[in-house]
Amino acid sequence: MNPKVDDFISEAKKWQAEIKQLRTLLLDGGLTEEFKWRTPCYSFQGNNVVIIGCFKNYCTLSFVKGALLQDSHKVLSKPGENSQAVRFFKFTNLEEITEQKPTIKAYIYEAIEIEKAGLKVPFKNNTELEWVAELQMALDKNPALKTAFNALTPGRQRAYNLYFSEAKQSKTRETRIEKYTQRILDRKGINDCICGLSKKMPGCDGSHKFIPKA
């Protein structure tokens with residue numbers, strides 16, 4: 001049990017009982033408890049599997065590779081119309097979680113088996129890209145970041161997504177996202193000038209490298 005998750009639960013203004021119940025089910029499934037994107041995250045052998053989300057009117061259990069789950073009970077939803085990987089349960093009270101315990105546990109075990117098998121979500125090559133899971137979670141947990149990211153041109157959004165997705169390890173992807181969070185909040189693309197010295201605005205032409213040192 002991760003102490004940061006303990007703090008998260010004790011400080012939560014809503015959904016405490018629901019989070020505790022979901023946490024128990026996830027830990028019983030043998031997942032490793034971590035705290036990422038300011039929310040409980042559960043992994044298997046270093047790969048993110050399930051994330052608990054807390055919102056105003058409901059809490060969620062999001063499966064990072066949910067599209068690969070059979071979803072025989074038809075209980076999973078997409079976070080967005082073009083989402084290709086993530087799928088989630090939505091709960092509005094503790095009773096819903098209690099009633100669906102067998103189903104939730106079955107989905108958790110199936111998600112673990114997907115990781116053991118090394119299965120990947122077959123993303124479609126089209127203009128409607130799904131953001132890498134770590135980026136999507138960061139956007140979901142930070143409304144200001146989501147607003148700023150959505151304000152970027154599609155090309156700038158894709159450039160960020162490509163750069164983040166190139167990292168093979170989840171922790172590396174998280175570090176890259178954290179590094180560029182302020183740049184996104186400033187409504188700047190990954191290759192945009194942020195010092196104001198570029199002669200090829202808005203792109204960066206490297207002029208900042210020639211600033212005389214004091």
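Buried here means under 20% relative accessible area. Keep in mind that this is a predicted model.

Q: Is Cys41 buried or exposed?
A: The cut-off for buried is under 20% relative accessible area. Cys41 sits at 0% relative accessibility, so it counts as buried.

Q: How many disulfides does the model have, and how far from Cys59 is the nearest cysteine sulfur?
A: A pair of cysteine sulfur atoms has to lie within 2.5 Å to count as a disulfide, and by that rule the count is 0. Cys59, which is buried at 0% relative accessibility, is in no disulfide. Its nearest cysteine sulfur belongs to Cys54, at a distance of 6.0 Å.

Q: Why do the buried residues of H6 lie on the same side of that helix?
A: In H6, which runs over residues 143–151, the buried ones are Leu145, Ala148 and Phe149. An α-helix has 3.6 residues a turn, so residues three or four places apart point the same way.

Q: At what angle do the axes of H5 and H6 cross?
A: Leu135, Ala138, Leu139, Asp140 and Lys141 of H5 meet Pro143, Leu145, Lys146 and Phe149 of H6. That contact splits into 6 nonpolar, no polar and 3 charged residues. The two axes come within 5 Å, and they cross at roughly 115°.

Key
Residues are numbered from 1 along each chain as its sequence is written. This is a predicted model: local features need pLDDT of at least 70, side-chain atom pairs count only at pLDDT 80 or more; totals for chains, interfaces and linings use all residues. Side-chain values use heavy atoms; hydrogens and water are left out. Buried means under 20% relative accessible area, exposed over 50%, partly exposed in between (1.4 Å probe, protein chains only). Helices (H or I, at least four residues) and strands (E, at least two) are DSSP runs, numbered from the N terminus. Axes are lines fitted to C-alpha atoms, for helices over the stretch in contact, and angles run from 0 to 180 degrees between N-to-C directions. Contact means heavy atoms within 4.5 Å. Ala, Val, Leu, Ile, Met, Phe, Trp, Tyr, Cys and Pro count as nonpolar, Asp, Glu, Lys and Arg as charged, and the others, Gly among them, as polar.
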